Amino acid sequence: MARRLRPVGIEFLGTAPVRLVFAREISASPEAVFRALAEDVPGWTEWFAAVTLARPLEDGARREIRLKGGTRFQETILTAKEPEVYAYRVDVTNAPGARALVEEWRLAPAGTGTRVRWTFAADGTAPFRLVLPLARAGLGRAFRDAVTSLDRRLANR
């Protein structure tokens, strides 16, 4: 059953009860990575293995995302500042226990490539908050695999 989450802002990244942060350096430029994140939303299915559907809504102000296993999200873009940051809030999801969720992709030059940092900030029921840190390894692996796949995809363009 889909539920509406609390409409938090970008400041939630610093105040969320659960924050998971992952980082990796890749060879693609910050501009290319930003375009893949913010402008080629349907392309997420090509490089983020967990994503089965990604489509922009309302001229890119919102997104619909579906994951393997059936989890669905309706999101609002909070920040899209090229080539530095892309962040969004989950407004509606069928993920059990979630009450608020913001994800931020922060990009910084690293040599001739990019340091990609993904922050997953969340609040939810006590069981939800307990399970998220336990899922850190799996989320970290998904992030590393996705960013590595994105880097390969951008190198082949």
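Okay, let's start with Glu 104, which sits in strand S7, running over residues 98-110. Keep in mind that this is a predicted model.

So, is Glu 104 buried or exposed? Its relative accessible area is 6%, and since buried means under 20%, Glu 104 counts as buried. What does its side chain pair up with? There's a polar contact with the side chain of Arg 106, at 3.0 Å. Setting aside residues up to four places away in sequence, Glu 104 also touches Leu 13, Val 85, Tyr 86, Ala 87, Arg 117, Trp 118 and Thr 119.

Tyr 86 takes us over to the nonpolar side of things. The largest nonpolar core has 38 residues, and Tyr 86 is among those touching the most other members, along with Val 33, Leu 37, Trp 44, Trp 47, Trp 105 and Val 116. Take Trp 44: leaving out residues up to four places away in sequence, its contacts include Leu 37, Tyr 86, Trp 105 and also Arg 63. Apart from that core there's another one, of seven residues, including Val 8, Phe 12, Leu 13 and Val 102. Leu 13, remember, is one of the residues Glu 104 touches.

Now the largest pocket. Its space comes to about 530 Å³. The lining has 27 residues, with Leu 67, Phe 73, Glu 103, Phe 120 and Leu 139 nearest the centre. By type, that's 21 nonpolar, three polar and three charged. Which element gives the most to the lining? That's S7, with four residues. Among the others supplying at least two each are strand S8 (113-124) and helix H5 (136-155).

Methods: Residues are numbered from 1 along each chain as its sequence is written. This is a predicted model: local features need pLDDT of at least 70, side-chain atom pairs count only at pLDDT 80 or more; totals for chains, interfaces and linings use all residues. Side-chain values use heavy atoms; hydrogens and water are left out. Buried means under 20% relative accessible area, exposed over 50%, partly exposed in between (1.4 Å probe, protein chains only). A polar contact is a pair of N or O atoms within 3.5 Å; within protein, one must be able to donate a hydrogen and the other to accept it, and residues adjacent in sequence count only if both atoms are side-chain atoms. Contact means heavy atoms within 4.5 Å. A nonpolar core is a set of buried Ala, Val, Leu, Ile, Met, Phe, Trp, Tyr and Cys residues joined through side-chain atoms within 4.5 Å. On a 1 Å grid over the protein atoms alone, a cavity is a set of points where a 1.4 Å probe fits but cannot get out, and a pocket is an open set with protein on both sides within 12 Å along at least five of seven lines; lining residues have an atom within 4 Å of a point. Grid points are joined across faces, edges and corners, and a volume is the space filled by probe spheres set on the points. Ala, Val, Leu, Ile, Met, Phe, Trp, Tyr, Cys and Pro count as nonpolar, Asp, Glu, Lys and Arg as charged, and the others, Gly among them, as polar.
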